[in-house]
Amino acid sequence: MATALKFPSLLVVVVAAAILSMGGGGAAQESEAVAGTAPYRIHTLFSVECQNYFDWQTVGLVHSFRKAHQPGPITRLLSCTDEQRKNYAGMDLAPTLEVPSMSLHPKTGDWYPAINKPAGIVHWLKHSKDAENVDWVVILDADMIIRGPIIPWELGAEKGKPVAAYYGYLVGCDNILAKLHTKHPEICDKVGGLLAMHIDDLRALAPMWLSKTEEVRADKDHWPTNYTGDIYGMGWISEMYGYSFGAAEVGLRHKITDNLMIYPGYTPREGVEPILMHYGLTFSIGNWSFSKLEHHDDNIVYNCGRLFPEPPYPRELNAIESDPNKRRALFLDIECMNTLNEGLLLHHAARGCPKPKWSKYLSFLKSNKFAELTRPKKLTPKSRQMMEVIVRKQKEEAAELDKQKQGQEAAELAKQKQKQEQEAAELAKQKQKQEQEAAELAKQKQKQEQEAAELAKPHPKIHTLFSTECTPYFDWQTVGLVHSFHKSGQPGEITRLLSCTDEDLNSYKGHDLAPTHYVPSMSRHPLTGDWYPAINKPAAVLHWMNHVKTDAEYIVILDADMIMRGPITPWEFNADKGRPVSTPYDYLIGCDNELAKAHTRHPEACDKVGGVIIMHVRDLKRFALLWLHKTEEVRADVGHWSKDITGDIYEAGWISEMYGYSFAAAEMNLRHVISKDMLIYPGYIPVPGVNYRVFHYGLEFRVGNWSFDKAKWRRMDIVNKCWAKFPDSPDPSTLKRVDEDSFQRDLLSIECGKALNEALQSHYERRKCPDPKTLSNPVREQAKPAPNPPSLSPPIRKKSPEITSLPPPDRGPPSEITASRKIGKIDDVDDALTHGDVAVKNESQEISTPVETNENQTFGFMRFWIIGLWGFSILAFFAVMAMMISRQKGQRKRGKAFKTKRRTTYSG
């Protein structure tokens, strides 16, 4: 094949004769020009990839190159990845320069194979010796058929003025796209397809062509159709804009023509002979059609004897179309197809394929008639006349009617072209999607390998903390959290920070509920006297940090009213030194207003977080004291307790500790990794696919008629009452799957309720409670064995002197707000404990009301005596009144003597 391309001596004669036969005149220099000798050496380039799709196009283009007697050599710029190159069998299809593939951009990772065209030309200029021995370069696309010699100086090309085909749909040359990407938008030419230019111009243009292609491809904001004319808005034509903007940037002005190149299926202008066919769009004749996209993976080049479907014969076209010019279009269609098949036939023969069987079609391809129909075409005088009809604006001398007609035709052609190119772009889009999916799978695999490698590394030690007080309310929460901690697989140890007064600690029964660090209570502030139990959390953490030596590198801080579902680790949630992790608490609006400005020098660093905290131990050592101080500071700022400043619906400063945390973190410039995947409130709809690690049952939640509200169990001593449990949650199998969101929400709510009862069961077994079958009802005189462990109902109590004498207010308890760390509906505790005479019932069996204590009996005895005394007082009152009435009657009978006695008395 290489020897077949070396025909300079023959070309001298042929091309010289062609030039002398041109009727358009021209300079003497043109008429004497001889292609192949300086300064008239020509080189033709086209760019492809290692695919069957480009191989059959290569065969067609190279065959037409020879058939048209195109002067000079031709070079295929072949862009292949290393993997593609290993199995590629088409190295002999054309004179080839291998070019590094940039389909997947080495820096950005963007998949855009079209960039290989400017990248390949840059590589050819730098590394090919041919580039040093050439004056003119013709650049074509692989999906083209050459019909006649493309000689740049005959087309009118000059140094600084290349010749190019018109691409009217490049509307970006007329709008903001050109202004963004070139300093000279006024000279942006809408050109492409056929390019013929001087080698010096190409050397100046090529690097800018590549650079501008990358630039436009990265400008995703201006991919839409109204900016680019690309109906898919996917940036596919970035390379075309890269050429136009690059040419404008280096000052190249094109001689633009729409006469030299034609798409099969289009009708040529009368008197014009195209010398290049571009079969980028589908074309058809009757029931026959051809679309290159249908042969994307066709290995026809390597399949001996196979050709594309034969088109109609020339004589059939006379019957199909009577209009001479339209019939010319049909002849161009079959010429394109027949030239492709002729190239395949000759290629198969050159590869040693067996001689195909005789057929009418093969006989036609070898006939003199076909040779006559496809002989090299020459430029016609009218082609030269019309060559620059479209150059930025239509000629001023054209009639207004012609302008309108041409405008309508151009719009219609653009519309048809866009419609026909839809299939091409769609296929490219699907290919890109598949490649993106493959890249995504590779990325996932890499991530899994990284995770596996990460798991193989020794992880830092973790210690988990939570804060409670010496109350039954926190005791059953402690049992639930500690039990779930051991089930979750959480690494490291857990410690309860127990804040109690000395008096409470002496009578406390829950020392064995969890590994415990004892902390002096700050519920009643030692300096201000303020009652605020929530302050015990930062105070307890500070106390633990100052009194316990730990080898843990990370500390996980939880609330007591939580159930763990899985491990919470710093390596999974990307915690680091100076970068703690927490969950979002969006209702902390004080981070966005004057509250933050009043309490931290860095309000812009205030994160709305809480609930679960993962922090490096070195950060916590510096942070704990500031957390406590900021809590005291916000708590003392009574003037900013209002709802519109804090988001606290009670306006009582209950969430001061939360703001203390956020403001202290801002003060130290600790910016959090905020994770929405760690924590969920039962009763909330989960995000599909998220494996939540923690339940936070701070709010009431329900499933059907069953519900759970931790506030209703504030004073019930559950952990010290063997086999007591909360009302059983519903069986998941009874749920109605009306919609998936509600179903998943209810499953999580049931899981939380079940986890609490499982924790209590384990607690009773650990304490070696007696067999529940041997227990009797403590109220009834005739005891009966309980077949099942009793289920608790919310307790009903009357206020006793002991309760009413408690110092903290009972309404809206701070520990409730702090434990839940969520502002929402919180029942009035007094109402929950005293309202009504009947306990709230659930479907589970209800335990009987406990027997009255001695204190209650004493109170009843005293009440009896008070009622008796009240009755005796009434009787005494009536007796005295009767005596007084009787005395008055006796005095009236005394008469005058009584009056005299009174006067005597007064006078005395």
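User: Why is T182 called buried?

Analyst: T182 has a relative accessibility of 5%, and buried means under 20% relative accessible area, whereas exposed means over 50% and partly exposed lies in between (1.4 Å probe, protein chains only), so T182 counts as buried. The model is a predicted one, in which local features need pLDDT of at least 70 and side-chain atom pairs count only at pLDDT 80 or more, while totals for chains, interfaces and linings use all residues. Residues are numbered from 1 along each chain as its sequence is written, and side-chain values use heavy atoms, with hydrogens and water left out.

User: What makes the approach of T182 to E249 a polar contact?

Analyst: The two side chains come to 2.7 Å, and a polar contact is a pair of N or O atoms within 3.5 Å, where, within protein, one must be able to donate a hydrogen and the other to accept it, and residues adjacent in sequence count only if both atoms are side-chain atoms. Leaving aside residues up to four places away in sequence, T182 touches F245, A248 and E249, contact being heavy atoms within 4.5 Å.

User: How do you know that the span of helix 12 agrees with its number of residues?

Analyst: Helices are DSSP runs of H or I with at least four residues, strands are runs of E with at least two, and both are numbered from the N terminus. The expected span is 1.5 Å times one less than the number of residues, so the 27 residues of helix 12 (residues 324-350) should span 39 Å, and the 38 Å between its end C-alpha atoms agrees.

User: Why is N574 called partly exposed, and where is it found?

Analyst: The relative accessibility of N574 is 46%, so it counts as partly exposed. N574 is found in the loop between strand 17 (562-564) and strand 18 (581-584), and its phi is near 65°, a positive value in a residue other than glycine.

User: Why is E651 called partly exposed?

Analyst: E651 has a relative accessible area of 42%, and is therefore partly exposed. E651 lies in the loop between helix 22 (643-646) and helix 23 (656-667), and has a positive phi of about 50° although it is not a glycine.
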